[in-house]
Amino acid sequence: MEPEDYSRLIARDLPASAETVPLAEAVGRILARDVPAPAPIPGFATSAMDGFALDAPALDRARTGEPVPVAGDIPAGHAPVPIPSGCAVRVMTGAEVPDSAAAVVPVELTDAERTGVVPASITVTGLPDPVVPGWNIRDVGEDTAAGDVVVLGGQRLGAAGIGTLAMLGIEAVDVARPLRVGLVVTGDELQPGEGAPRIPNSNLPMLASALGSHGFTVLPATSSDDPVEFLAVLDDLLPEVDLVITTGGISAGAYEVVRAALEGECSEFLRVGQRPGGPQGHGERAGTPLLHFPGTPAGAYLSFHLFALPLLTGTVLAQRWRRGLYEGPALQGHRRGVSLVPATIAVDGRVVPAARARLRDFAGADAILRVPAAPGGIADGDGVDILPTGPGI
Ligand SMILES: Nc1nc2c(c(=O)[nH]1)N[C@H]1C(S)=C(S)[C@@H](COP(=O)(O)OP(=O)(O)OC[C@H]3O[C@@H](n4cnc5c(N)ncnc54)[C@H](O)[C@@H]3O)O[C@H]1N2
Ligand code: MOO
């Protein structure tokens with residue numbers, strides 16, 4: 001089975017619910033629903049230029065080269081003053097223009113100083129002919145009408161989205177509650193103890209960081225290779241989480257704890273046509289979906305990007321590949337499936353492979369390169385599929 005097929009096989013909807021957060025805390029969160037503009041932008045007719053607002057008779061007068069009297073001054077953020085018929089008022093960019101203004105003439109087209117006191121009158125040269133009605137005036141709702149959907153539900157809120165909502169005076173938004181992921185890392189070799197060969201537990205901090213950096217809430221746990229202990233740890237987590245990921249204990253040995261505890265009951269185990277990370281499992285217990293990753297750290301890392309992240313974001317792997325241009329030695333496809341190779345995206349956009357596929361090689365990479373199975377392969381200059389992993393993830 002290709003990794004894309006496996007991703008499709010495990011795809012399912014995870015429970016969605018919303019919470020309201022202040023805008024200042026909403027960056028990176030997924031909007032729970034469309035947000036319509038509660039008010040128009042701009043909310044009042046606004047000058048788009050520093051200059052002078054003229055009514056229609058004043059514009060006619062200005063075209064003849066006669067001086068136009070200036071009746072007042074409207075800095076941005078100040079109340080508008082009315083325009084007496086045939087007159088101008090000075091306006092600044094962003095100021096509210098009076099109702100009777102026909103256009104704003106930029107200061108550059110007048111004989112006025114750009115700064116200082118308001119002149120008693122101005123003469124205007126270089127007026128366009130005709131002056132379009134409302135020239136240099138941004139009408140109410142010209143940018144956004146009240147009711148326009150300004151950000152879409154399901155979108156991740158970035159800085160421009162935060163700014164857009166702030167522009168509308170919105171101070172809090174409904175965002176998706178972060179999914180809660182239980183992480184059960186298995187292996188006697190990870191348990192504290194004297195005398196027996198132990199190794200540091202790398203999968204737990206690695207996967208907890210990967211999940212956390214994507215905004216998921218992680219409930220971490222470890223278990224020995226005792227199936228009774230494993231089931232107790234798992235069952236403790238289930239009521240608290242939307243998904244459980246386990247690592248280790250799924251291959252062909254004598255002490256495969258995850259397999260021993262769940263195979264035939266809740267989960268099935270199979271080999272996906274990929275290296276590394278071929279052994280995989282998935283299932284459901286008490287209504288909560290389960291993903292079983294291999295224990296090898298590079299396999300667990302790849303499983304996160306290929307299978308967990310699509311599932312958690314409501315996508316499938318096939319939609320997530322991007323195209324790149326390969327630069328490197330010819331890589332032969334492996335007979336047992338797709339090879340997944342750490343790669344760097346160079347400044348010119350070319351995709352450069354690492355020499356090996358250890359976890360430390362993924363640590364220095366920013367994408368996963370997909371090499372098709374034999375008889376396929378890739379060569380210098382080929383278009384290739386890559387999965388960007390995000391900065392440092
Ligand atoms: N007879 C066979 N043996 C194996 C096969 C096979 O097909 N036949 N497949 C190999 C492949 S490929 C993989 S991948 C692994 C998958 O093994 P498990 O998922 O059962 O994982 P474990 O045996 O528990 O651990 C594998 C390896 O990773 C180390 N490990 C586990 N957890 C952690 C952790 N949290 N932090 C750091 N290192 C960890 C563990 O010590 C083992 O060295 O099976 C192969 N065998
Ligand atoms: O699939 Mo295993 O992860 O090759 O080592």
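Tutor: This is a predicted model. According to the UniProt record, an unreviewed entry, the annotation "domain: MoaB/Mog" covers residues 182-314.

Student: What makes E5 and E6 paired strands, and in which sense do they pair?
Tutor: Two strands pair if there are at least two bridges between them. Strand E5 (residues 68-74) and strand E6 (residues 88-91) have three bridges, in the parallel sense.

Student: In what order do the five strands of the open sheet stand?
Tutor: The order is E7-E4-E6-E5-E8, with mixed pairing.

Student: Why are strands E7 and E8 said to stand at the edges?
Tutor: Strand E7 (103-106) and strand E8 (121-122) each have a single partner strand, so one side of each is left without a neighbour in the sheet.

Student: How do you know that serine 202 makes a polar contact with ligand 1?
Tutor: The cut-off for a pair of N or O atoms is 3.5 Å. A nitrogen atom of ligand 1 is 2.9 Å from a polar backbone atom of serine 202, so this pair qualifies.

Student: Which side chains make such contacts with ligand 1?
Tutor: Among them is asparagine 203, with an N or O atom of its side chain 3.4 Å from a nitrogen atom of the ligand. Another is glutamate 256, where a side-chain N or O atom is 3.0 Å from an oxygen atom of ligand 1. Both values lie within 3.5 Å, and the pairs therefore count as polar contacts. The protein covers 65% of the 870 Å² of accessible area that ligand 1 has on its own.

Student: Which residues come nearest to ligand 1, and how does its shell divide?
Tutor: Of the 21 residues around ligand 1, the nearest are Glu189, Asn201, Ile250, Arg271 and Gly295. The shell divides into nine nonpolar, nine polar and three charged residues.

Student: Why does the shell around ligand 2 count four polar residues?
Tutor: The residues around ligand 2 are Pro276, Gly277, Gly278, Pro279, Thr296 and Gly299. Pro counts as nonpolar and Gly as polar, so the shell divides into two nonpolar, four polar and no charged.

Student: What makes the approach of glycine 277 to ligand 2 a polar contact?
Tutor: An oxygen atom of ligand 2 is 2.6 Å from a polar backbone atom of glycine 277, which is within 3.5 Å, so the pair qualifies. Threonine 296 meets the cut-off through its side chain, where an N or O atom is 3.1 Å from an oxygen atom of ligand 2.

Technical notes:
Residues numbered from 1 in each chain as written. Chains lettered and ligands numbered in written order. Predicted model: local features only at pLDDT ≥ 70, side-chain atom pairs only at ≥ 80, totals over all residues. Heavy atoms only, no water. Helix = DSSP H or I, 4+ residues; strand = E, 2+ residues; numbered from the N terminus. UniProt positions renumbered as here; feature names shortened; annotations may be inferred. Near = heavy atom within 4 Å. Polar contact = N/O pair within 3.5 Å; in protein donor to acceptor, adjacent residues only side chain to side chain. Areas by Shrake-Rupley, 256 points an atom, 1.4 Å probe, with all protein chains shown as cover.
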